[in-house]
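I set down here what I looked up, in the order in which I looked it up. The entries begin with the chain as a whole and then turn to its parts.

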Amino acid sequence: MQEMIKERLMVLANAQNRLAEVSNRLNRMEKSVVAMERCSFDLLNKSDKMISMSKATLLLVEKLKEVLTGVNLDSVIDRDILAGIIDDIKSGIQSIYNTCMESNSSSHEIESEAVCQRENKEFINNTLEVIESSISSAVACAEMLLAQY
């Protein structure tokens, strides 16, 4: 009986050590989640700003095109060439805008994943606390039984 209790104590001690390792890894995960949340927040702010700037620039290109329609540029430059250049600028800015929208969407997905990771981490921590408490009680009980034999 005494040998069986010693074996069980070793198993419980090993479980306690593993719980400590899991706890350390969860702390590292928490730091990673915090860093990911910070990066996600920064990325969201930057992509929001780029979307706003590219949208404002697109509006300016449209306004410039409207203004140039009313101006006689025949003596200075070919109107079609100028309109083509403006269209090329608009196309480039539109591509930037579309990329910003995709980046913004990815940022929101990262943010959602960070929230999910945080919830999982909290659940795991709570569960580990219950398990650790149970193991500690079992160890104390086993030690008490061992002392009696």
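Entry 1, burial. I count a residue as buried when its relative accessible area is under 20%. The model I examined is predicted. By that cut-off, 20% of the 149 residues of the protein chain count as buried.

Entry 2, overall form. I looked up the extent along the principal axes and found that the C-alpha atoms fill a box of roughly 110 × 15 × 15 Å. I then looked up the radius of gyration, which is 32 Å for the protein chain, whereas a compact globule of 149 residues would have one near 15 Å.

I noted 2 helices and 0 strands in the protein chain. Helix α1 covers residues 2-69 and helix α2 covers residues 79-148.

I asked how the axes of α1 and α2 are placed: they come within 5 Å and cross at roughly 165°. Angles over 145 degrees count as roughly antiparallel, and α1 and α2 are therefore roughly antiparallel to each other. The crossing of α1 past α2 is left-handed. I sorted the residues of this contact by class and recorded 38 nonpolar, 15 polar and 16 charged.

I searched for disulfides, taken as cysteine sulfur pairs within 2.5 Å, and the count came to 0. C39 is in no disulfide, and the nearest cysteine sulfur to it belongs to C100, 18 Å away.

Definitions and conventions. Residues numbered from 1 in each chain as written. Predicted model: local features only at pLDDT ≥ 70, side-chain atom pairs only at ≥ 80, totals over all residues. Heavy atoms only, no water. Axes fitted to C-alpha atoms, helices over the stretch in contact; angles between N-to-C directions. Helix = DSSP H or I, 4+ residues; strand = E, 2+ residues; numbered from the N terminus. Parallel < 35°, antiparallel > 145°, perpendicular 65-115°, else oblique. Left-handed = near helix turned anticlockwise from the far one by under 90°. Nonpolar A, V, L, I, M, F, W, Y, C, P; charged D, E, K, R; others polar. Rg over C-alpha atoms; globule rule 2.2 N^0.38 Å. Buried < 20%, exposed > 50% of the residue type's maximum accessible area, 1.4 Å probe, protein only.
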